[in-house]
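Reader: I have the sequence and the model open side by side, and I would like to go through the arrangement by question and answer.

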Amino acid sequence: MATPSGEQPRPVRPLTLPSILDPQPSTRRLSGRTALITGASSGMGRATAALFAAEGADLVVTARRRAELERLRAELGGRVHAEAVDLTDRAAVTAAVQRSVAALGHVDVVVHAAGTNIPRRALSVLDPADWDAMVAANLTASFNLTHALLPSMRGRGGLIIYVSSGAALQADASGVAYQATKRGLVGLAHGTMFEEKAGGIRTTVIFPGLTDTPLVLKRPVPTPPEVLAKALQPEDIAQACLFVAALPARAHVPELTILPAGL
Ligand SMILES: NC(=O)c1ccc[n+]([C@@H]2O[C@H](COP(=O)([O-])OP(=O)(O)OC[C@H]3O[C@@H](n4cnc5c(N)ncnc54)[C@H](OP(=O)(O)O)[C@@H]3O)[C@@H](O)[C@H]2O)c1
């Protein structure tokens, strides 16, 4: 039927359900894609590396602890390259990214899960040196990674997923250094998207709530087991990263919040 302006409506493209529902290994969601995952020695980064490998991606896994990365590499098999690097060391990050790009050919997806917190986090006990270390580990490290990666991504395009925290959205007991640096990550992510989208770069910030990983052990007061029992699992964050990474390049998810339903 013609529209009021007299134009013929465009035919609706038929939805190809088999491509969505086919559970064959040939439809692994990251087949032929490459990913670099930071924080891969533990927690969310480790779980994301495992899921991305299972979904067919070629990987570079990074963290400081080489032994943990080698253990992960042995577990995952396939084409997994490990780069032991402290992300606060700018020169080392640049060199590691260059080796990663050489190993993978190019990097399609980055999941930046590396991050930390300090036990003495309340302002009343916060050592200014710890503030500096937190800015270096959670924020400057994220800039180092972004800055080193962008030259190889510009033009070809790519997705960078930054793992922030629910603490960046609402004040809590995680400490001002954690909250400020995780909030700073939001500025880095959105500013990078604004400046680089013409080159095909997309950025996403993920805000997880409490997740049962070794990071929780750094809390000054132990988390009660009944609370931890309701926390997210690192695999849940991995699934959120996969959801974003598997979308086509035309789709942009600026932010994704994932919280424990029962807390
Ligand atoms: N767990 C939670 O409740 C929660 C909630 C919201 C957000 N987050 C965020 O989620 C991300 C992942 O944390 P997680 O819970 O999975 O904690 P995790 O198990 O402690 O993992 C943190 C990872 O970051 C790496 N890392 C820390 N500092 C680094 C540095 N300077 N250079 C390179 N790698 C470094 C660690 O590896 P190495 O020690 O081997 O270097 C480790 O692989 C973090 O950004 C965290 O802030 C966590």
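Reader: Which element gives the largest share of the shell around the ligand?

Author: This is a predicted model, in which local features need pLDDT of at least 70, side-chain atom pairs count only at pLDDT 80 or more, and totals for chains, interfaces and linings use all residues. Residues are numbered from 1 along each chain as its sequence is written. Among the 31 residues around the ligand, those that come nearest are G39, S42, G43, R64 and G115, a residue being near if its C-beta atom, placed from the backbone, lies within 6 Å of the molecule. Two or more residues of the shell are given by helix 2 and helix 5, and the largest share, three residues, comes from helix 2.

Reader: By class, how many residues of the shell around the ligand are charged?

Author: The classes place Ala, Val, Leu, Ile, Met, Phe, Trp, Tyr, Cys and Pro as nonpolar, Asp, Glu, Lys and Arg as charged, and the others, Gly among them, as polar. On that basis the shell around the ligand has 14 nonpolar and 13 polar residues, while the charged ones number four.

Reader: Which strands stand at the edges of the sheet?

Author: Seven strands form an open sheet with parallel pairing, in the order 3-2-1-4-5-6-7; strands here are DSSP runs of E with at least two residues, helices are runs of H or I with at least four, and both are numbered from the N terminus. Two strands pair if DSSP finds at least two bridges between them. One side of each edge strand is left without a neighbour, because each has a single partner strand, and these are strand 3 (80–84) and strand 7 (255–258).

Reader: What angle does the direction of helix 2 make with that of strand 1?

Author: Strand 1 (residues 34–38) runs parallel to strand 2 (residues 58–63), joined to it by four bridges. Helix 2 packs on this sheet, touching strand 1, strand 2, strand 3, strand 4 (109–112) and strand 5 (158–163), where contact requires C-beta atoms, placed from the backbone, within 7 Å. Angles run from 0 to 180 degrees between N-to-C directions, with axes fitted to C-alpha atoms, for helices over the stretch in contact. The direction of helix 2 makes with that of strand 1 an angle of about 165 degrees.

Reader: How are helix 2 and helix 8 oriented to each other, oblique or roughly parallel?

Author: The axes of helix 2 (residues 43–54) and helix 8 (residues 234–246) come within 8 Å and cross at roughly 55 degrees. Angles under 35 degrees count as roughly parallel, over 145 as roughly antiparallel, 65 to 115 as roughly perpendicular and the rest as oblique. Helix 2 and helix 8 are therefore oblique.

Reader: At roughly what angle do the axes of helix 5 and helix 6 cross?

Author: Helix 5 (residues 128–153) and helix 6 (residues 176–196) have axes that come within 9 Å, and the angle at which they cross is roughly 15 degrees.

Conventions: Two residues are in contact if their C-beta atoms, placed from the backbone, lie within 7 Å.
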